[in-house]
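Visitor: Could you take me through this structure, beginning with the ligand?

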Amino acid sequence: MKIAILGHGTVGSGVAEILIENANEVSAAAEKNIELGAILDIRNFEGISYSDKFVSDFDEILNDPEIGIVAEAMGGTEPAFSYIKAALEKGKNAVTSNKELVAEKGAELLSIARSHNVNFLFEASVGGGIPLIRPLYSAMNAAGITEMAGILNGTTNYILTKMFRFGSGYEEALADAQRLGYAERDPSADVLGFDACRKIAILSSLVWKKTLRPEEIPTEGIDKITAEDVSLAETCGFSIKLIARAKKLSDGKIFAKVSPALIRNDSPLASVNDVFNAVLVRAKTTGDVLFYGKGAGKMPTASAMISDIIECAKSENNIKSVFWEDGAQSVFAGRDSNAERYFIRTSFDASEIIEGAEIIGENAYITSPLSESEVSVLTDKINEHGKLLSKIPLFE
Ligand code: HSE
């Protein structure tokens with residue numbers, strides 16, 4: 001069976017290298033011969049050992065009956081969506097590492113795949129090299145998952161780790177993450193939290209079987225975290241991590257949020273550093289399960305795509321039961337359906353304004369549990385008297 005790769009960037013080139021260098025292992029695992037058939041990329045790759053594989057027209061891939069699996073690593077919704085849709089409709093399997101595409105078009109592509117009796121798999125879209133998607137839809141399918149929380153963006157975790165360990169500047173740490181191939185083409189998707197937001201939307205949709213729309217999830221990035229926050233958090237025994245969470249409420253609605261959060265140093269997520277990701281999954285039957293591994297980078301992500309390629313090759317005419325509905329009604333429970341404590345830093349003594357708060361340093365407080373509306377009222381009140389310098393929820 002031949003494989004076509006769409007996009008020869010960081011991840012796509014990793015997939016090509018594994019297919020060529022580990023051809024025997026991949027074929028043995030797939031129980032049939034697996035071969036790199038074509039790579040779609042308009043750039044010039046002359047001099048590369050497999051330069052004969054490059055094509056610049058997707059139709060060459062679409063119309064090649066020997067290509068049974070399309071591996072998309074281009075990123076963005078278009079033309080990735082149109083290409084994958086066309087491939088599925090033509091009876092080809094598709095695998096992708098594209099978070100944006102799965103978060104926005106997952107339900108539609110899964111439905112097209114199902115009606116054409118082929119697979120659409122996306123292990124590489126969340127958690128890089130961590131086997132996460134497949135365990136969630138297979139091993140934990142009936143475990144009664146109630147809650148998930150994790151560090152889902154390698155770039156921001158790398159930046160925060162550098163800021164904590166070495167007092168590195170934000171810009172310097174971001175440049176390193178870009179050089180190492182962790183960051184998105186536009187790294188604002190990482191630092192502003194959109195990448196983690198898409199990933200928690202995918203996990204929620206997958207586990208609770210209805211699309212959670214990324215645009216509904218309150219999302220904040222790490223761009224406002226200062227050296228003072230880092231230093232005060234450390235003094236008080238906390239780390240700061242970008243945490244993506246989702247939980248199913250008793251009415252069946254989902255509360256989700258992405259934001260930096262203070263985490264006590266004895267929490268398992270506090271020791272997840274550098275490019276590593278971790279997801280804590282809480283389920284009725286299993287209790288807490290922790291997934292941990294490299295969340296970004298060429299080979300970990302390419303390896304997850306290879307695992308999907310093998311799964312597709314092994315399950316011809318026996319498609320996997322991954323599926324979720326794209327309902328007209330929102331499943332998001334609303335911003336105020338959750339209350340949490342906040343770390344607050346002000347430019348003045350605000351102890352009389354922040355009722356019931358614990359004072360943890362000079363002009364620094366931890367509030368009692370507040371909803372989003374309550375914290376927004378408190379923010380306005382503080383800004384009437386002076387300045388709110390930081391507001392970071394506690395992850396408990
Ligand atoms: N930019 C992403 C990250 C890549 O840093 O986690 C992996 O999805």
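**Ligand site and overall fold**

Guide: A polar side-chain atom of E184 is 2.6 Å from a nitrogen atom of the ligand, a polar contact being a pair of N or O atoms within 3.5 Å. This is a predicted model, in which local features need pLDDT of at least 70, side-chain atom pairs count only at pLDDT 80 or more, and totals for chains, interfaces and linings use all residues. Residues are numbered from 1 along each chain as its sequence is written, and side-chain values use heavy atoms, with hydrogens and water left out.

Visitor: Which residues lie 2.7 Å and 2.8 Å from an oxygen atom of the ligand?

Guide: A polar backbone atom of G154 lies at 2.7 Å, and a polar side-chain atom of K199 at 2.8 Å.

Visitor: How much of the ligand does the protein bury?

Guide: The protein buries 93% of the 260 Å² that the ligand exposes when taken alone (Shrake-Rupley method, 1.4 Å probe).

Visitor: Which helices supply at least two residues each of the shell around the ligand?

Guide: Those are α7 (154–166) and α10 (194–208); helices are DSSP runs of H or I with at least four residues, and strands are runs of E with at least two, numbered from the N terminus.

Visitor: Turning to the fold, how many helices and strands does the protein chain have?

Guide: The protein chain has 13 helices and 15 strands.

Visitor: And what does the C-alpha trace span?

Guide: Along its principal axes, the C-alpha trace of the protein chain spans about 75 × 50 × 35 Å.

Conventions
A polar contact is a pair of N or O atoms within 3.5 Å; within protein, one must be able to donate a hydrogen and the other to accept it, and residues adjacent in sequence count only if both atoms are side-chain atoms.
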